Amino acid sequence: MGKLTKNQKLALEKIEAGKLYTLKEAAEKVKEITFTKFDASFDIDVRLGIDPRKNNQMVRGVVSLPHGTGKQVRVLVLCNTDEAANAAKEAGADYVGLDEYIEKIKGGWTDVDVIITQPAIMGKIGALGRILGPRGLMPNPKSGTVTMDVAKAVKEVKQGKIDFKADKTGIVHASIGKVSFTAEQMVDNAREFINTLVKLKPSAAKGTYIKSIYLSSTMSRGLKIDVKTLDV
């Protein structure tokens, strides 16, 4: 293990070993122990009592964070009508088009955060799966990125709508804000995310559903939440 920096030592001194935090306490502490020179992301990790190997226990969904993500989201809309293209541009899409962007993606261009398209276009996009899939950019109806109303989808993404999925160990990871947010904003976003997970509990999942929750920033230690203090 490498030598701790001065700031890392300061952060460790502010963390009480074995302590369980309320959401508000954790949000305040995350702000206190983050010393990055950039505006670090505010992250949440939730371990779920599911078996992700079983299709009827997979947890995947979307959530609209009350205070957004604090991140400038670059959106590409792939559509084939002038009406849809103009609506997407008015809604704030960064890139709008079809064939020219499909060719750019085939050439390796993936300089966007979200791709939104229409159902009729998916046949053309299917061939891009090997490029977009590993980067989490493949449009999907379940995440609201395959839709007839591309303008609405663009607005939602720009305002803080994110999609998430449990990994193969049953843990859901997500960035739900920035450390520059107020503690109250961080708590609001965390609570909305947790409540959304609870609503998505698979009927096949037995026993304790929310096993553990940790809050952290990009480079900070994770702080464990006392799940008993949550109304879930």
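**View A. Helix 4 on the strands.** In this predicted model, helix 4 (residues 99–106) lies across strand 3, strand 4 and strand 5. Helix 4 runs at about 115 degrees to strand 4.

**View B. Helix 7 on the sheet.** Helix 7 (residues 150–158) packs on the sheet, where it touches strand 3 and strand 5. The direction of helix 7 makes about 160 degrees with that of strand 5.

View C. Three strands form an open sheet in the order 4-3-5, and their pairing is parallel. Strand 4 (95–97) and strand 5 (114–117) are the edge strands, each pairing on one side only. From one strand to the next, the twist averages 15 degrees.

**View D. Strand 3 beside strand 4.** Strand 3 (residues 75–78) and strand 4 run parallel and are joined by three bridges. Leu78 has Gly97 of strand 4 as its bridge partner.

**View E. Helix 2 packed with helix 8.** The axes of helix 2 (residues 23–33) and helix 8 (residues 183–199) are 9 Å apart, and the two helices pack at an angle of about 125 degrees. Because of this angle, helix 2 is oblique to helix 8. The crossing of the two helices is right-handed.

**View F. Residues of the contact between helix 2 and helix 8.** Helix 2 contributes Leu23, Lys24, Ala27, Glu28, Val30 and Lys31. From helix 8 come Ala183, Glu184, Met186, Val187, Ala190, Arg191 and Ile194. Eight residues of this contact are nonpolar and five are charged, with no polar residues.

How values were computed:
Residues numbered from 1 in each chain as written. Predicted model: local features only at pLDDT ≥ 70, side-chain atom pairs only at ≥ 80, totals over all residues. Heavy atoms only, no water. Axes fitted to C-alpha atoms, helices over the stretch in contact; angles between N-to-C directions. Helix = DSSP H or I, 4+ residues; strand = E, 2+ residues; numbered from the N terminus. Parallel < 35°, antiparallel > 145°, perpendicular 65-115°, else oblique. Left-handed = near helix turned anticlockwise from the far one by under 90°. Contact = heavy atoms within 4.5 Å. Nonpolar A, V, L, I, M, F, W, Y, C, P; charged D, E, K, R; others polar. Pairing = 2+ DSSP bridges.
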